Amino acid sequence: CTSLTSIEIPDSVTSIGGFAFSGCSNLQYNTYSKAKYLGNADNPYVALIQANSSSSASCKIHPDTKVIAGSAFGGCYSLTSIEIPDSVTSIGERAFSGCTSLTSITIGDSVTSIGYEAFSGCTSLTSIEIPDSVTSIGERAFYNCSSLTSIEIQDKVTSIGSYTFYNCSSLTSVHITDLASWCGILFGNSFANPLYYAHNLYLNGELLTDLVIPDSVTSIEGYAFHNRTSLTSIEIPDSVTSIGAGAFAMCSSLTSITYTGTKAQWNAISKGSYWNSSTGSYTIHCTDGDISKQ
């Protein structure tokens, strides 16, 4: 129905088959008030969105929606903006994958997880704010978001999957609100950390050039500060018992580490593989003397 521009579906409708509106290329606006779950092939709301994937510039998600499931908006390449309401708790895999015109995303404050490749290939997206409700970001979630320049990650995130920020080569800044929480994030690999490209880490709006690890930290997880090329000095408290693989790798300007414990305590810290590879020729200053880079 290539001339169909609008449609209204009453609340009494409980089922619409898959591809029911396929090929309705001029459908400009659509609503479905009873949609609670976006992503099922037979979901009427998704059927409408998919029918209009080539022409729809914006979409309003119903405030009762709980889940945006796999590929719900995948390939809607003319979609430019979307607001995810606070009712949504989960963004499924590939939910917005390939939305190449998407420039604006607002994620509601109830979302706890962002799935595999959820926003991969959103090549027009320039910035993203992860709300403090989110605890996990899946593998490749922002894979190939090549225009992404900044990202804000709140302190509830505990894991970011492998290659999440791979080929986000325009990244220049990462904004966080709590350094101790950042140290505890489990990164799948170096490309899971947006600092791989961004280099610049901002804590509550202030650029960190000298890094002071809080006393509450016991473990600095792998790749936490990987490729922070502007980092010159680090202060590590004696509460730290482990430093993960690649945690400070490629910090090429690093010249000084101040450790608040003894040399024996420093040597007792469990250190992952390549934790300090490709760094500057730093010296570790302990309370009872210095240790050269090992």
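At 0% relative accessibility, C145 counts as buried (buried means under 20% relative accessible area, exposed over 50%, and partly exposed in between, with a 1.4 Å probe and protein chains only). C183 is buried too, again with a relative accessible area of 0%.

Before we go on, a word on the model: it is predicted, so local features need pLDDT of at least 70 and side-chain atom pairs count only at pLDDT 80 or more, while totals for chains, interfaces and linings use all residues. Residues are numbered from 1 along each chain as its sequence is written, and side-chain values use heavy atoms, with hydrogens and water left out.

Back to C145. A disulfide is a pair of cysteine sulfur atoms within 2.5 Å. The closest cysteine sulfur to that of C145 belongs to C122, and at 5.1 Å it is too far for a bond. The count of disulfides comes to 0.

Now let us turn to H175, which lies in strand 14 (residues 173–176); strands are DSSP runs of E with at least two residues, numbered from the N terminus. H175 is partly exposed, at 26% relative accessibility. Along the sequence, H175 and Y202 are 27 residues apart, yet in space their C-alpha atoms are 4.7 Å apart.

Our last stop is D132. Look for D132 in the loop between strand 10 (127–130) and strand 11 (136–137). With a relative accessible area of 39%, D132 is partly exposed.

Note on methods: Helix = DSSP H or I, 4+ residues; strand = E, 2+ residues; numbered from the N terminus.
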